[in-house]
Amino acid sequence: MTWSWEYLPSEQHVTAGCPAGFLTAVEERAAELVRAAEVLYLDGTSYQGSGEPMRYLDVAGGLLAYYVVPRLELVVVCQLTPPV
């Protein structure tokens, strides 16, 4: 497998109403999270733990909620709060 990221439940649901500049920053940060997960979990498919809890990042004045699923080698972006 190869590490990747995705919106859950869907891109349309998670990104609705977010400005384009904010979404660009979110996608850049998601790519950084994938690179970090690749280093932390060299072989995510053999991971035996319970996984990581939901985490939050400040992105371009807004908020990004995500979690890492090592066994699927996946970073899940599940909620965005755009800047006001």
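The following legends describe views of a predicted model.

**View 1. Overall fold of the protein, with 2 helices and 4 strands.** Along the sequence the elements follow the pattern β-α-α-β-β-β, where helices (H or I, at least four residues) and strands (E, at least two) are DSSP runs numbered from the N terminus. The radius of gyration, taken over C-alpha atoms, is 13 Å, close to the 12 Å that the globule rule (2.2 Å times the number of residues to the power 0.38) gives for 84 residues, so the protein is as compact as a globular protein of that length.

**View 2. The stacked pair of W3 and Y41.** The ring centres of W3 and Y41 are 6.1 Å apart, with 20° between the planes; rings of Phe, Tyr and Trp (its six-membered ring) pair if their centres lie within 6.5 Å, and planes under 30 degrees apart count as stacked, over 60 as edge-to-face and the rest as tilted. Because W3 lies in the segment before β1 (4–7) and Y41 in the loop between α2 (20–40) and β2 (55–59), the pair ties together parts that are 38 residues apart in sequence.

**View 3. The cluster that ring pairs form from W3, Y41 and Y47.** The rings of Y41 and Y47 are edge-to-face, with centres 5.1 Å apart and planes at 80°. W3 is buried at a relative accessible area of 9% and Y41 is buried at 11%, whereas Y47 is partly exposed at 24% (buried means under 20% relative accessible area, exposed over 50%, partly exposed in between; 1.4 Å probe, protein chains only).

Residues are numbered from 1 along each chain as its sequence is written, and side-chain values use heavy atoms, leaving out hydrogens and water. Local features need pLDDT of at least 70 and side-chain atom pairs count only at pLDDT 80 or more, while totals for chains, interfaces and linings use all residues.
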